[in-house]
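Trainee: I would like to go through the labels used for this model and ask what stands behind each of them.

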Amino acid sequence: MSFKIKENITWVGKIDWELRKFHGEEYSTHRGSSYNSYLVQDEKTALIDTVWGKFSKEFVQNLEKKISLDKIDIVIANHAESDHSGALPELMSHIPDVPIYCTKNGVNSLKGHYHQDWNFQVVKTGDKLSLGSKDLIFIEAQMLHWPDSMMSYLTKDNILFSNDAFGQHIASELMYNDLVDQAELFQEAIKYYANILTPFSSLVDKKIKEVLALKVAVDMICPSHGVIWRKNPLQIAEKYLQWAGNYAENQITIAYDSMWDGTRRMAEAIAQGITQEDQAVNVKLFNIARSDKNDLITEIFKSKAVLIGSPTINKGILSAVAAILEEMKGLKFMNKKAAAFGCYGWSGESIKIISDKLEESGFRLLNDGIREKWNPDNQAMDNCIFFGKDIALNLND
Ligand code: FEO
């Protein structure tokens with residue numbers, strides 16, 4: 001399959017309708033994904049990125065239907081991660097001498113992945129490569145999200161090939177942002193940002209402002225996953241600037257795990273207390289062990305405060321809670337508040353363990369947390385309601 005984006009620019013990637021987990025088992029992809037590769041034909045022909053290695057034979061066979069491989073003059077590797085570079089070994093076995101343009105870090109990553117001495121050509125921000133009537137201009141995007149990442153801008157057609165940035169894990173034959181369901185599109189875009197780009201928010205902000213300051217026309221943004229932004233393409237850059245800037249909606253997420261429902265009942269009583277005091281705030285509850293990890297991370301990303309609950313077990317916390325806390329630490333959320341809760345039978349360390357981990361992860365603790373012994377009774381439930389009210393009252397301090 002291929003389709004024309006513009007005169008002499010063709011999408012030659014792979015739509016992966018089956019994908020349900022990405023990065024091994026790390027990232028849920030309920031709507032599949034795509035690996036977008038683009039063929040730009042001018043006086044010279046450039047191929048921008050490839051697809052995941054498992055599709056490499058299919059990719060090359062498909063590409064051959066569009067162009068004789070010996071007519072490809074240039075390969076651009078905007079990013080070395082396997083979902084975009086995986087078909088390079090198959091492709092380069094047919095055209096071994098064709099230059100691969102990438103960043104200096106890209107050479108290291110590609111050599112590290114494939115152990116090949118291909119004809120690497122190192123580029124840096126501002127370098128221009130003439131295709132004849134048009135140029136490709138390269139923009140390094142270090143740590144967005146790998147050290148090697150870069151974008152390529154095609155003059156005259158005014159297309160930004162942004163690689164992972166602005167992508168979404170969506171499989172769609174509709175291909176363009178204005179044709180797909182907008183709620184699904186932005187749900188997948190924010191999930192992608194929350195789960196992959198959050199740790200690099202300050203760099204995202206800087207890089208987007210740097211690109212916008214160039215004041216070049218952008219008629220289309222072609223990312224390497226999901227649909228192409230052609231209608232008001234810079235809307236996704238504006239969203240990224242919002243998401244990179246200590247983003248929070250009027251939401252509180254209460255996430256917990258529970259063995260015999262004591263901590264769940266505490267969670268519900270805390271939610272009751274919050275909503276009694278503040279009817280506008282969107283309180284959402286999640287049993288961590290029963291929730292999709294990446295969807296939950298997205299909810300945490302959208303929240304101004306996060307309450308994490310676990311009973312105490314073996315002087316520690318439940319493993320699902322420990323796992324999400326570890327994920328939250330790595331993502332380096334900014335400007336969010338938090339508190340801990342949980343019931344216990346005898347030693348009762350859980351709220352201290354959770355509070356310490358939240359603080360270590362950059363969350364501002366609202367209090368020392370709340371714990372209730374054994375199965376919470378009426379008094380304990382009232383304590384939780386009061387705890388929730390207190391959080392609602394003091395959240396904006
Ligand atoms: Fe960083 Fe889509 O790979």
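This is a predicted model: local features need pLDDT of at least 70, side-chain atom pairs count only at pLDDT 80 or more; totals for chains, interfaces and linings use all residues.

Trainee: What makes strand β17 and strand β18 a pair?
Mentor: Two strands pair if DSSP finds at least two bridges between them. β17 (residues 251-256) and β18 (residues 282-287) have six bridges, in the parallel sense, so they meet that definition.

Trainee: Why is the crossover from β17 to β18 called right-handed?
Mentor: The chain goes from β17 through helix α8 (residues 262-277) to β18. A crossover is right-handed if, with the strands pointing away from the viewer, the path from the first strand over the helix to the second runs clockwise. This β-α-β crossover is right-handed. The helix and strand names are DSSP runs numbered from the N terminus: H or I of at least four residues for helices, E of at least two for strands.

Trainee: Why does Asp49 count as buried?
Mentor: Buried means under 20% relative accessible area, exposed over 50%, and partly exposed in between (1.4 Å probe, protein chains only). Asp49 has 4% relative accessibility, so the residue counts as buried. Asp49 is found in the loop between β8 (45-48) and α1 (56-66).

Trainee: Which residues of helix α4 are buried, and what covers them?
Mentor: In α4 (residues 104-114) they are Gly106, Val107, Ser109, Leu110 and Tyr114. Their cover includes α2 (82-85), α3 (88-94), β10 (100-102) and β11 (120-122), where contact means heavy atoms within 4.5 Å.

Trainee: What is there to note in the backbone angles?
Mentor: Most residues other than glycine have a negative phi, and most peptide bonds are trans. Asp49 is not a glycine, yet has a positive phi of about 65 degrees. Lys332, also not a glycine, has a positive phi of about 55 degrees and lies in the loop between α10 (319-331) and β20 (337-344). His115, which follows α4, has a positive phi near 55 degrees.

Trainee: Which peptide bond is cis, with omega near 10 degrees?
Mentor: That is the bond from Leu144 to His145. His145 sits in the loop between β13 (135-140) and β14 (150-154).

Definitions and conventions
Residues are numbered from 1 along each chain as its sequence is written. Side-chain values use heavy atoms; hydrogens and water are left out.
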